[in-house]
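Open the model in your viewer and keep the sequence panel beside it. The tour below says what to select at each stop.

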Amino acid sequence: MEVREATVRDFDSIWPVFREIAKAGETYAFRTNITKAEAFNIWVESALKTFVFEIDGEVLGTYYLKTNQAGPGQHVCNCGYMVSASARGKGHATAMCEHSQVVAKELGYKAMQFNFVASTNEGAVRLWQKLGYDTVGRLPKAFNHPVIGFVDAFVMYKWL
């Protein structure tokens, strides 16, 4: 298994994972019918760095890293992670989050913040807590889950 920085050409391999997760509408606040171009802009063009997690050349997950806020907040980064449904529950998100923390420190970031974690994304919430992230904010009924309806979203934060 390998986590490596993605190239622009890797987006063709990232797109199926991205599309699968966006279409489900259960974890990210993306339109379920987001276009490939829009997804590329979010995941690659707007990011400082994008990474892929692959096994035997197959992309099973991806994450981006970017500065969360400018100016006085530029020491805090933000990341987003996606793992294909077929690869979940095998520690890949853990590996990517641990990798992202190392990269963030190397880039000079002092903290990492997740801005909008759906409370129903229990696996992610549990993982982030296990890795030392605190829930520092709750946004009541901010996420419209396609099955459950309006649920809270969390802001999670870790000083690196």
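Two strands pair if DSSP finds at least two bridges between them. Helices (H or I, at least four residues) and strands (E, at least two) are DSSP runs, numbered from the N terminus. This is a predicted model: local features need pLDDT of at least 70, side-chain atom pairs count only at pLDDT 80 or more, and totals for chains, interfaces and linings use all residues. Residues are numbered from 1 along each chain as its sequence is written, and side-chain values use heavy atoms, without hydrogens or water.

**Stop 1: strand S7.** Select residues 149-159.

Find Arg-138: Phe-154 in S7 stands opposite. A hairpin of three residues joins S6 to S7.

Next, show S5, residues 111-118. S5 runs antiparallel to S7, with six bridges. Here Gln-113 faces Tyr-157 in S7.

**Stop 2: the aromatic rings.** Rings of Phe, Tyr and Trp (its six-membered ring) pair if their centres lie within 6.5 Å; planes under 30 degrees apart are stacked, over 60 edge-to-face, the rest tilted. The structure holds 16 such pairs. Select Phe-11 and Phe-40: their centres are 5.3 Å apart and their planes at 80°, so the pair is edge-to-face. Phe-11 sits in helix H1 and Phe-40 in helix H2, 29 residues apart. Phe-11 is buried at 3% relative accessible area, and Phe-40 is buried at 18%.

Definitions and conventions. Buried means under 20% relative accessible area, exposed over 50%, partly exposed in between (1.4 Å probe, protein chains only).
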